[in-house]
Amino acid sequence: MDQAEQLRLLVTKQAEQKKKDRKVSRVITVTSGKGGVGKSTLTVNLAIQLSRLGKKVIILDADFGLANIEVMLGIRPEYNLADLMFRGKGLKEIIIQGPEGIGFISGGSGIQELSRLTREQVVYLVQKLYELDELADIILVDTGAGISDSVLEFVSASNEVLLVATPEPTSITDAYALLKTLNRRSGFSKEDTVIKMVANRIKTKEEGDALYEKLGLVVDKFLSLKMEFTGAIPDDPNCGKAVMQQKPVTLADPGSGATKAIKTIAEKIAALEGGSDKKGIAQLFSRWMKSIYKKKK
Ligand SMILES: Nc1ncnc2c1ncn2[C@@H]1O[C@H](COP(=O)(O)OP(=O)(O)OP(=O)(O)O)[C@@H](O)[C@H]1O
Ligand SMILES: [Mg+2]
């Protein structure tokens, strides 16, 4: 079968699948204005806690910086998203088994290359991602920090966004700046997106409440965005220790304050059913691609 024929087949199959009432996963994008505030820590430990609550969870590492989830889990993925896109690997081959049944996909260079894909490659990728929707109940996407274009594209295509902020003044201003830029993007739908804020590294409960109030006030007043307070995680030295051990803190220190706080956050997230118009990872990617192509024209 030549390539063109394969493509035609794929597109037909894709259309057929679309018609069926497909299972879509809930996609939660974890982001922050400032770097180093605890996104990857939250992503990994949340994944384990959600898995314990009976959810099938797959982490997609869309951070192009340091491969810190890999470090945190102490795994070295053989394949990544780029192998799926360009080197003929199947979806199951690029999903690495993490602790407690969680799955992990390394973005590798794949995420950066997404904006250079041809239309045919996009069709192929989205087709593969339909399979991913079938495999996971929840997909947690760990993004890089800040206002880079690809992070914003991804966040604006998501229904559920976990925004991590710490009480540091720069973390708050950077979080605000991120939301402000997001709000201006054409692909972003205010109505369809709930920003769930997580306060990390707080010293007291009051500090977490104050952080939410401070950010919530300006976000509501100047951006009229919906933002919810999803939880607070204490500043806990066990987090740093766990990184050194290359183990998620949930496993390294089950009784630690950070572990308990993330468990509470997981329970809250699991109790919700996700956005009412849950789109799944395949649709999220195709929305993302569309906005990239629109900009290129
Ligand atoms: N609640 C916490 N208490 C203490 N230390 C923490 C806490 N959360 C995260 N850390 C530490 O902060 C550092 C940065 O965390 P992490 O890598 O999760 O941040 P990130 O937002 O993913 O960073 P990047 O933007 O570089 O991807 C790590 O050393 C981690 O151990
Ligand atoms: Mg990170």
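**Notebook: helix pair, sheet, ligand shell**

I looked up helix α9 (residues 169-184) against helix α10 (residues 205-223): their axes come within 11 Å and cross at roughly 25 degrees. Angles under 35 degrees count as roughly parallel, so α9 is roughly parallel to α10. I note the crossing of α9 and α10 as right-handed. The model is predicted.

Next I listed the contact residues. From α9 come I172, A175, Y176, L179, K180 and N183; they meet L211, K214, L215, V218, V219 and L223 of α10. I sorted the residues of this contact of α9 with α10 by class: nine are nonpolar, one is polar and two are charged.

Then I turned to the sheet. I found an open sheet of eight strands, in the order β3-β4-β2-β5-β1-β6-β7-β8, and its pairing is mixed. I checked β7 with β8: they pair in the parallel sense over six bridges. I195 stands opposite M227 in β8. Helix α2 packs on the sheet and touches β1 (26-31), β2 (57-62), β5 (138-143), β6 (160-165) and β7. I have the direction of α2 at about 170 degrees to that of β5.

Last entry: ligand 1. Which residues are the closest to it? I get G35, G38, K39, S40 and T41, within a surrounding set of 21 residues. I asked which elements supply the shell: α2 (39-52), β7 (194-202) and α11 (237-245) each give at least two residues. By class, I see six nonpolar, 10 polar and five charged residues in the shell around ligand 1.

Technical notes
Residues numbered from 1 in each chain as written. Chains lettered and ligands numbered in written order. Predicted model: local features only at pLDDT ≥ 70, side-chain atom pairs only at ≥ 80, totals over all residues. Near = placed C-beta within 6 Å. Helix = DSSP H or I, 4+ residues; strand = E, 2+ residues; numbered from the N terminus. Nonpolar A, V, L, I, M, F, W, Y, C, P; charged D, E, K, R; others polar. Axes fitted to C-alpha atoms, helices over the stretch in contact; angles between N-to-C directions. Parallel < 35°, antiparallel > 145°, perpendicular 65-115°, else oblique. Left-handed = near helix turned anticlockwise from the far one by under 90°. Contact = placed C-beta atoms within 7 Å. Pairing = 2+ DSSP bridges.
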